[in-house]
Amino acid sequence: MLDADFFRRWVAATAASVDREAERLTALDSAIGDADHGSNMQRGFKAVTAALEKEAPETPGAILMLAGRQLISTVGGASGPLYGTLLRRTGKALGDAAEVTEAQLAEALRAGVEGVMVLGGAAPGDKTMVDALVPAVDALGDGFAAARTAAEEGALATVPLQARKGRASYLGERSIGHQDPGATSSALLIAGLAEASGE
Ligand code: ADP
Ligand code: MG
Ligand code: MG
């Protein structure tokens, strides 16, 4: 069973890797965007960490909903509302249970990713965070480590794609040949899950 501590570890692991990788995320965004993805994510997860400390939510669902709200209110940029929706929808789907199963988390994350796709209008292959998140959710039935690998492969697979959503789409064919920054940060989020689980 996955308890509130598991979800706190997930958020903390993601905040730490976002900090470590912020320059890389910004460098990726400087190639096909506006060079702020690393700082956007850093600002967002810093606010999430502070809010979790201050409000001390006690259930998995409440932790993710608070995290999502913080991302929406602190990340200026497309990724804030998208990641915020991902975590809020996932948290909402978990309800107020004190502990959830891996299968319940997989189902909840599926709802979260669907929320991202509705909000942003992106499908797999559009060179966005969806290209890491959908394969990760599909692989979650095989465990957290499998989801991490699927997300990393999904992020790498954005390199040859032409962006059809977000700022990178303004570049048209010139977006080809670069890894999508949001798919890259999504792989960090999923790697955080594997880290929290010890897999
Ligand atoms: P901004 O583009 O507003 O500066 P960020 O740089 O923080 O925002 O985030 C850019 C990332 O957001 C992209 O790399 C992409 O993965 C993701 N993104 C942008 N638009 C969409 C969308 N409509 N649907 C899904 N993901 C999107
Ligand atoms: Mg940007
Ligand atoms: Mg921006």
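Trainee: How many helices and strands does the protein have?
Mentor: This is a predicted model, in which local features need pLDDT of at least 70 and side-chain atom pairs count only at pLDDT 80 or more, while totals for chains, interfaces and linings use all residues. Residues are numbered from 1 along each chain as its sequence is written, and chains are lettered from A and ligands numbered from 1 in the order in which they are written. Elements are DSSP runs numbered from the N terminus (helices, H or I, at least four residues; strands, E, at least two). From the N terminus they run β-α-α-α-α-β-α-α-α-α, and the protein has eight helices and two strands.

Trainee: What radius of gyration does the protein have?
Mentor: The C-alpha atoms fill a box of roughly 50 × 35 × 30 Å along the principal axes. The radius is taken over C-alpha atoms, and the globule rule is 2.2 Å times the number of residues to the power 0.38. For 199 residues a compact globule would have a value near 16 Å, which agrees with the protein's 15 Å.

Trainee: Which helix supplies the largest share of the shell around ligand 1?
Mentor: The shell holds 23 residues, each with its C-beta atom, placed from the backbone, within 6 Å of the ligand. Gly77, Gly120, Thr128, Gly166 and Gly182 are the closest. Helices H2 (37–55), H4 (79–94) and H8 (181–197) each supply at least two residues. The largest share, three residues, comes from H8.

Trainee: At roughly what angle do the axes of H6 and H7 cross?
Mentor: H6 covers residues 130–139 and H7 residues 144–156. Their axes, lines fitted to C-alpha atoms over the stretch in contact, with angles from 0 to 180 degrees between N-to-C directions, come within 7 Å and cross at roughly 155 degrees.
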